[in-house]
Amino acid sequence: MRKVHKKTYNIRRVFGEVVRVSPLQFFLQYVLAVVSSVFLGLFIVQLQNVFDHAAIVVESASADGVWSLLCSLLILFLYKAGSESLEIANGYLGNDFYNRCAAYFLDLYNQNIAKMRAITFEENDNLKLYRNALTGATSARGMLHVIMDIFTLYIPYFLTIIFYLAKQDASLLAIVPLVAIPIFITNQIKKKNYQRLHKHTIHPKRKKEEYTKYLSEFPFLKEVRVKEAFRFFYGKYLCARSEYNKLCLSTNDQEFMLNLGTKMITLLGFITILGLLIERLATGAISIGAFGAIFYSLDDMYSLMEEMLISRIETYHKGLPALKSFIQFVNGAYTEQGEATGTAGRIPFKKMSLESISFIYPNTTRMVLKNISFTIHRNDKIAIVGYNGSGKSTLAKILLGLYSPTEGTILINDDPGIRSGPQNASVMFQQFNRYKETVFNNIWISEATGDESAGEQAKKIASERLRQINLNHSVHVEDTLDILCAREFGGIDLSGGQWQKLATARMLYRDRDFIVLDEPTAEIDPVSESQMFRLFESEMRNRTAIIITHRMTSIRFCNKIIVLRDGAVDAIGDHETLMKTSDLYYALYHSIEERYH
Ligand code: ADP
């Protein structure tokens, strides 16, 4: 096993890496945030000056007074302009920084997902973890941003306000909790009740959405129309809609009362603040300017307090599960590294011996392959046949080295030091991929590196493969190579059969001496299918090939057929022998014969 440098991630470490993506940008962004929020706080001080000077002008109408008023207005403008332009610069830096961080963590995610063993993708829990981890990869920066904003934006702003209020009159400090407490209390009440209220509407809402999908979305719509089921589903939709609307109506009433109640709490706080300000003004503790400035700034205080205590904290908490999944994923991935499949480098195929192989999918108990033993010699053509679910595809994945057997061993070239791996094989899966790329890219991906353009040799081989599969019965394959296989990007749509032919060209392009074909003609028309099997026969002549297919008449070129029954080998032999010795093979052969002839 390769020795791996183990790097354990936790939230603090992830945040540290966020900073390391661009320390200068990070530092600059939050320095700007502090200055901008202090400017925003100082605005209240300057506003008071403006009001005080305005009061003097109203009283004395002197030229000096007007001049001072203009000067203080100018400073007020500068504070506002300064705060807003710093906020814009901060946003600009923030966006760029966000994109860099997303790229960094997505790279980390991609590097790790590439190392995961193929079997791990067979577990639903793992798939859920990988999906959440992908979300978490981009949420780390946003979460650190919330924490940083609290310390560099909201706290400096409120500290400036607190200093200002304390300087005016210590009793005014009560304003801050009078703003904060109602926001906090109303949020707690809303959170508790909204969940309760909407719990009943979730189910009928989903039902309504599902029926809407059947009635309006392609491809549901196609079958619903053809089967004339529109009226049936429309009736169902109307029922679901009326149930949902009824529930919504009663929820709305309760929500209205709830909103009214919580608004009263906020209003109570606001009236108390107003009363306090008027009382202080009446007793001469604060000037009319201070009264106006504080009153004017209450809006800002409410919205910034709500942001700090509620929406930003919620953003943090919402992102937390995905970030934890990301951390669990990268930590897990590092321990997986040593178990990456296959021996490094390519090995010429000589022989593969399976000795008492059994296999159980992770987190299940059923043995899907049982005690399988056989040997594959160089240039063997082996067909694997059996009913659906008998374990053919699973066995193919084990032969490819994608999955390791639960029990038993696989000996390659009689060397226990060699482990099979996909690097030695060319494969065509039953569920092959349909890449929205050019025909050429769809063929040469196994050698394409992403940043290099294809050489002439690659084009020549791809053209030859394209000619062999007869994609669109066109003689001008060179014209076909550049066709984009995606109508939404300005190309064309391929049929299911054409996609499968393209996947065949891709498999053939990858020049390996060990080939695995899992139902390679399931989507192809009968004429093309016969051509394909002739192509397989000639291309596999000097290669070792494993083929899984229901087209039993097409596997006559195979020198060995393995018949699987419920995960175990029922019989092994050539066609003639099996027709005489295996009831299952005989039944399979005749049922397929009847279907196709
Ligand atoms: P075949 O190719 O012969 O149709 P498969 O190899 O696809 O059969 O499947 C063999 C058995 O393994 C089936 O019973 C199937 O339900 C089960 N199986 C396949 N994939 C999984 C999985 N990811 N987790 C658990 N069981 C699985």
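This is a predicted model: local features need pLDDT of at least 70, side-chain atom pairs count only at pLDDT 80 or more; totals for chains, interfaces and linings use all residues.
Local features need pLDDT of at least 70 and side-chain atom pairs count only at pLDDT 80 or more, while totals for chains, interfaces and linings use all residues. Residues are numbered from 1 along each chain as its sequence is written, and side-chain values use heavy atoms, with hydrogens and water left out.

Two packed helices are described by the angle between their axes and the distance between the axes. Helices are DSSP runs (H or I, at least four residues), numbered from the N terminus. Axes are lines fitted to C-alpha atoms over the stretch in contact, and angles run from 0 to 180 degrees between N-to-C directions.

Helix α1 (residues 11–21) and helix α4 (residues 124–168) have axes that come within 10 Å and cross at roughly 90°. The two helices α1 and α4 are therefore roughly perpendicular (65 to 115 degrees) to each other. In contact (heavy atoms within 4.5 Å) are V14, F15, V18 and V19 of α1 with A140, R141, M143, L144 and I147 of α4. This contact has eight nonpolar, no polar and one charged residues, where Ala, Val, Leu, Ile, Met, Phe, Trp, Tyr, Cys and Pro count as nonpolar, Asp, Glu, Lys and Arg as charged, and the others, Gly among them, as polar.

Helix α13 (residues 496–509) takes part in a crossing with helix α11 (residues 456–469), at roughly 135° and with the axes coming within 9 Å. On the α11 side, A458, I461, A462, R465, L466, Q468 and I469 meet K501, L502, T504, A505, L508 and Y509 of α13. By class, nine nonpolar, two polar and two charged residues make up the contact of α11 with α13.

The axes of α13 and helix α14 (residues 526–539) come within 12 Å and cross at roughly 5°; α13 and α14 are therefore roughly parallel (under 35 degrees). Here K501, T504, M507 and L508 of α13 meet S528, M532, L535, F536 and E539 of α14.

Around the ligand are 13 residues (a heavy atom within 4 Å), of which E122, R366, G389, S393 and T394 come nearest. Polar contacts are pairs of N or O atoms within 3.5 Å. A polar side-chain atom of E122 lies 2.6 Å from a ligand nitrogen atom. Ligand oxygen atoms lie 2.8 Å from a polar backbone atom of G389 and 2.5 Å from a polar side-chain atom of T394.

How values were computed:
A polar contact is a pair of N or O atoms within 3.5 Å; within protein, one must be able to donate a hydrogen and the other to accept it, and residues adjacent in sequence count only if both atoms are side-chain atoms. Angles under 35 degrees count as roughly parallel, over 145 as roughly antiparallel, 65 to 115 as roughly perpendicular and the rest as oblique.
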